[in-house]
Amino acid sequence: MTTTPDSGTVPDLATLVASAEALVTDIDFESVRRWKAAAPGRRAIGFLPVWAPREIIRAAGMLPVGVFGGGDRIEIIRGDACFQSYICHLPRSTVELGLTGRLDVLDGLLFPATCDVIRNLGGIWKLLLPNLPTRYIDVPQCDDSAVGVRFFATELRSLAADFGALGGAPVTDDALRAAIAAYNDNRRRLRELAQLRRTQPHLAPASEVYLMERAGCLLPVEEHTRLLEDYLAAAARSTRRALDSCRVVVRGAFCEQPPLGLIRTLEKAGCDVVDDDLVLIGRWHRRDIDTDGDPFEALARAFLEDSVPTASRWSGMARKGEDVVDAVRASGAGGVIFISASFCDPALLDQPMLAAALDRAGIPYAAFKYSEETAQFQAIREQAGTFADSIRLWSEAG
Amino acid sequence: MSALPRDAAMERQKALLAGYFDRLARARDEHRPVVYTFVPGNLVELVASFGAIPVLPEINALQSGMRRRSADYIAVAEKAGHSEDVCTYVKCDIGMSLSGNVGPTGAVIPEPDLLLLSYTGCFVFMKWFELLKERYRCPVVMLHVPYQPDGQVTGAMLEYVVDQMRTRLVPELERLSGRRYDEADLAARLALSARAEEDLVHVLESARHRPSPIDAYFGGVYYIGPIFSAFRGTDEGADYYRVLREEVDERLRLGQGPITPDGPMGEEKIRLVVEGPPNWTSFREFWKMFADEGAVVVASTYTKVGGLYDTGFRHDPGAPLPSLARYCLGCYTNLGLPSRVDLLERYIRDYDADGFVVHSVKSCNSFSAGQLVMLRELERRVGLPGGFIESDLVDPRYFSASNVKNRLESYFQMLLQRRLPAPETAA
């Protein structure tokens, strides 16, 4: 711990990172259990990647909890019996979490329209574990913003009614505005974190940023905002020195998350990951969401008009991959690494289009596949190291 | 591949398709817009009412599979950077496009003037048309059709789909064709659709009889061909279904079974319901594995991907756009898994099936993700064992004939043994 005159006692970086890692790697959701046990009647709602309207869950007085599968910390026994070999890993470990009782801490589970597998997982849940209330949320994939906002605001109101009934507290407009404001505050800190990583990646390495962001899918929003503030303060004070690493942007890992070891492997291979699409939910909205007017329409409008491009969303008439080119230029990166979960339709179908945009812009890239339980990183370390070396050589030659 | 035995309806279908590809080849000369769209949620009546010609990339891909061209096309796409993990329909289409876009008649399929992304029941559709958008740099209209997780069409869903048609699709078709939207013309086309749908349902439901006069999966894919593609809402399409209905009624009157790859089927030994699409690269061999064992498919879900008519839906000339929206919403893969299980259960009971087979294809997560859980749920509900086989749509690397045949034969033997009287136990 460090004591400062203005901020009192601030945990040091190592303590903050260790506590976030303990939180993120706990597949028994002990932090959620503790939160629920602290006051009677508390409820928690799980959500699958990539995006969920956490503000509504919060406005209903409940805790939104990200369910990202079991990662590399669970042995899949019954989950494999539900899925063919050519389906990605996240649903089988999520089913395993459910069948082993680890998700009993949840009072409901929300399945967003991310892809066919996540969508169908909601149906599987109804057949396999019908005692846990589930809800599917369709997100607008259309070109006409006014039409999309009208539809989506109606969907969100319906969701709020369901969650209000489940949580025992109706979602009022004022409660929703307050929740939006709390998440706006949180998103501002996340943007500061992203900026620190872009400008001084040695102070905020990708593996730590990842843990800080993932922690936000488990903690109440104000608590997470405080964690981010502590981390930002501790990182800014740290005396870590910049290494001779190569700046890269990572894309393709927005749903099934790579093991932490894989992110650390990229760092050990000489890559500073200055931008990525891991834990995209915290960075989904590029600006604050409006807290005036109808809050459901504000959420719907923010989704349609002001959120980041990603593979699970309709790209409209925009040229695919231009946002990745922009991210490379904004972060001063030398190249892109596509890391995608095996059998991930959105990421793998997107990849040729993103690669074409990088080709047009003359930006080098490399691609690897993983599953959340990947345990062998040596081949990836060698490939990533070679890629980083080649970028350095090209930039020196240029 | 030797030709299948043909009856009058099949000959008529062959002529329909030849005429279609002929019109498509002349589209540029005749200044007719070409609109690429998908089978589920297709709006061919609306497209045709503007004088445009629809092209359905899934149909092109499956035809490439049946013509044994898909392996080469997939290889071309994978060489261009497409992952081995993803949908082979997409890769087959991309590969075909990169290879000159030559259709089944040898004529080049014209490039699209519009990509009408009927986003119904399949996430990959969105990526597919993003890929084509990047390739062709032509306008795209996204028609987002909300999913039915609980089998309920809400007013908001209907309004959303109709609004997208009114604000984006119709204006784009007007711009493209230079014609004004003509609701009377559309209504007349929908009346023809409803007539064909009535006849198709009659044909599909003929399988309730013993013996079934049709195979509702392998034969069924021929029966749905016109109505799932460019011929819904046309006189020639409606005529095709009238003739088909008459033929099936005649087979029914004579007590005949289905026509199979080797001619009229012999004794009907096993009645099955099938979930999942067929394999196209070994279609005839696959069918023969069933027919040789006297197994006839009496109902299938694949024949509902382009429209679920046997639960009562008909296109309604009285409410053209809402009717089209309702059609899109109701396609089979747009239904949640519990609704799909309900439908399969109903088929097994209504068609008096002895068992059911799930054909799981690697390419299609929309169909496949959850099928193992559906299988166990169905077994629990109907008290019958289910069969499970795996292959792919159009990638021949994933069709292992010996494995599929072994599994099917074992499954059929098990079903037949269940019919034997239980041995008497000694007192």
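This is a predicted model: local features need pLDDT of at least 70, side-chain atom pairs count only at pLDDT 80 or more; totals for chains, interfaces and linings use all residues.

Author: Two packed helices are described by the angle between their axes and by the distance between the axes. For your pair, helix α11 (residues 283-291) of chain B and helix α16 (residues 401-419) of chain B, the angle is about 20 degrees and the axes are 10 Å apart. Angles under 35 degrees count as roughly parallel, so α11(B) and α16(B) are roughly parallel to each other.

The pair also has a handedness: α11(B) passes α16(B) in a right-handed crossing. From α11(B), the residues that take part are B:Glu285, B:Phe286, B:Met289 and B:Phe290, and they meet B:Ala401, B:Val404, B:Lys405, B:Leu408 and B:Phe412 in α16(B). Sorted by class, the residues of this contact are seven nonpolar, no polar and two charged.

Now let's set two other helix pairs beside yours. In one of them, α13(A) packs with helix α6 (residues 124-136) of chain B at an angle of about 15 degrees, and their axes are 9 Å apart. The crossing of α13(A) and α6(B) is left-handed. Chain A brings A:Asp345, A:Pro346, A:Leu349, A:Asp350, A:Met353 and A:Arg360 of α13(A) to the contact, and chain B brings B:Val124, B:Lys127, B:Glu130, B:Leu131 and B:Glu134 of α6(B). Here the classes come out as five nonpolar, no polar and six charged.

The other pair lies in chain A, where the axes of helix α6 (residues 145-167) and α11(A) come within 8 Å and cross at roughly 130 degrees. That angle is why α6(A) and α11(A) are oblique to each other. α6(A) passes α11(A) in a right-handed crossing. Among the residues in contact are A:Phe152 and A:Leu156 of α6(A) and A:Phe303 and A:Leu304 of α11(A). This contact divides into ten nonpolar, two polar and four charged residues.

Two of these helices turn up in one more place: α11 (295-305) and α13 (345-361) of chain A are among the elements that give two or more residues to the lining of the second largest pocket. That pocket holds about 1,100 Å³ of space, and α12(A) gives the most to its lining, with six residues.

Technical notes
Residues are numbered from 1 along each chain as its sequence is written. Chains are lettered from A and ligands numbered from 1 in the order in which they are written. Side-chain values use heavy atoms; hydrogens and water are left out. On a 1 Å grid over the protein atoms alone, a cavity is a set of points where a 1.4 Å probe fits but cannot get out, and a pocket is an open set with protein on both sides within 12 Å along at least five of seven lines; lining residues have an atom within 4 Å of a point. Grid points are joined across faces, edges and corners, and a volume is the space filled by probe spheres set on the points. Helices (H or I, at least four residues) and strands (E, at least two) are DSSP runs, numbered from the N terminus. Axes are lines fitted to C-alpha atoms, for helices over the stretch in contact, and angles run from 0 to 180 degrees between N-to-C directions. Angles under 35 degrees count as roughly parallel, over 145 as roughly antiparallel, 65 to 115 as roughly perpendicular and the rest as oblique. A crossing is left-handed if the near helix is turned anticlockwise from the far one by less than a right angle, and right-handed if clockwise. Contact means heavy atoms within 4.5 Å. Ala, Val, Leu, Ile, Met, Phe, Trp, Tyr, Cys and Pro count as nonpolar, Asp, Glu, Lys and Arg as charged, and the others, Gly among them, as polar.
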